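Dear colleague,

Please find below the structure that I am handing over to you. My notes on it follow.

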Number of protein chains: 2
Amino acid sequence: MNHEQLFNLIKKKQSFLCVGLDSDLNKIPAFLLNEEDPLFAFNKAIVDATLPFTVAYKPNLAFYEAAGVKGWQSLQKTVEYIRSLNQPVFLIADAKRGDIGNTSAMYAKTFFETMDFDAVTLSPYMGLDTVSPFLQYPDKWSVLLALTSNQSATDFQYFEERTGKKLFEQVLETSKTWADKNRLMYVVGATKAEALTGIRKIVPEHFLLVPGVGAQGGSLSEVARYGMNRQCGLLVNSSRGIIYASKDNDFAEAAGEKARMMQLEMAELLNNIV
Amino acid sequence: MNHEQLFNLIKKKQSFLCVGLDSDLNKIPAFLLNEEDPLFAFNKAIVDATLPFTVAYKPNLAFYEAAGVKGWQSLQKTVEYIRSLNQPVFLIADAKRGDIGNTSAMYAKTFFETMDFDAVTLSPYMGLDTVSPFLQYPDKWSVLLALTSNQSATDFQYFEERTGKKLFEQVLETSKTWADKNRLMYVVGATKAEALTGIRKIVPEHFLLVPGVGAQGGSLSEVARYGMNRQCGLLVNSSRGIIYASKDNDFAEAAGEKARMMQLEMAELLNNIV
């Protein structure tokens, strides 16, 4: 999927919602634990209920790896199930990988060949060597951490050069020379909405993947106000707020309803540009 | 394993060698592909041949993930096999993970509970939140990327503050307040041996995990000269130079011989301190 196709999908669905599949055996409804593959059963129900309202899914790798081999099976089945629905949807592996050379090439193979993801989140610390193997795949994306939503993001991301330029700004400036808006997007936390104006000056056209709305306290309207561009340029992620909306029999229905409410709010915000 | 136990192991084996298990289906001897689990068969033979000469193993997660569920099975079996030998050895998951909060906690669970690793490599970009869940485990270690061995390490790790302090130095200064030498070590590439003097001024006591000797061109004697402290303070990793020493029937024997040669060189270098 390229930039134009992603924007078309957003226009068609009137949504720039990404549902984070942070699926945790300790948090999914207890009755699902009787299923042969509880994580997959949970994800399948969540996807079925939310797909009309979302343009992207973002499984968080940690939650699957923590279950070992079984977790990887659940993840692979989830990706295959979503692809089997034959509906365009953007799949992000939230892996925050960051390695180099042939190791990085192996990670690219994992997410773009072994599994059919569209995009992978990557840490910029080791520089271009981390990203370049991922950029070899046409219509696949690297999602580089820029300014994250967590409290200790400031430990190093705000490290400041003589000119006042901060590390996350340097990451944006340097990396945007590596690939255009069809291959590269950035993670910017919703809790840092006030920084979006400055970020848009550096990367006016790239998509931003924005976590932190909902449970972490970020505001959707603030994010849209400061971060939206004329091709939307935003994928706003919600994980816990949607997938754990209910822990009872109606968990999927409740998740669908939460996703629908966000989609309605997003349709309003999209009115400003399309 | 704590700092003292690791140093005792180094003294006993007269080695500070870490063997990197970057085990790649495309590079292991072709006849192993007939085995039920080729990656595990390869690793088992390499471990059997090298264990007398090494104090640590470092499987590189990317190589296992690229094989999907089967790769994770190979990895888990490798860890279980090494532990079944009942010999003290330090196991590092070279995962370069970097996430936060409950996600980071899930990664810690993966490597310290689901699998019995001693240590995990972590990227510092997101700050303390990335590391703190790993620090909750007694006698387990976080290995933070500081100055890496790759060419584009300079893209951001050399980003420089007003005072001339570089990002990697800030990472060392800040993170050493998070945990002492029993819980934290740092990745410093052997190709950056000249930087070790400065690094030792900031973290005189912490262990450094040093990749890049051999295939990447770093020199063992240079690393020891600038990086060794009175408790050794070094784990020097070699991957391809050992595990792919031969691609024929004698691959394990050749790997053992390469490891033995490095151990002999290390014993010489350890003479300076013990």
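B:Phe117 is placed in the loop that runs between helix H5 (101-114) and strand E4 (119-122) of chain B; helices (H or I, at least four residues) and strands (E, at least two) are DSSP runs, numbered from the N terminus. The model is a predicted one: local features need pLDDT of at least 70, side-chain atom pairs count only at pLDDT 80 or more, and totals for chains, interfaces and linings use all residues. Residues are numbered from 1 along each chain as its sequence is written, while chains are lettered from A and ligands numbered from 1 in the order in which they are written.

B:Phe117 is buried, having 23 other C-beta atoms within 10 Å. A residue counts as buried if 20 or more other C-beta atoms lie within 10 Å of its own, as exposed if 12 or fewer, and as partly exposed in between, with C-beta atoms placed from the backbone. Leaving aside neighbours within four places in sequence, the contacts of B:Phe117 include B:Val79, B:Leu91 and B:Phe111 (contact: C-beta atoms, placed from the backbone, within 7 Å).

In chain A, helix H2 (residues 38-50) has 10 of its 13 residues buried, among them A:Phe40, A:Phe42 and A:Ile46. The buried residues of H2(A) pack against several elements of chain A, including strand E1 (17-21), helix H4 (68-84) and helix H12 (251-270).

Yours sincerely

Definitions and conventions: Two residues are in contact if their C-beta atoms, placed from the backbone, lie within 7 Å.
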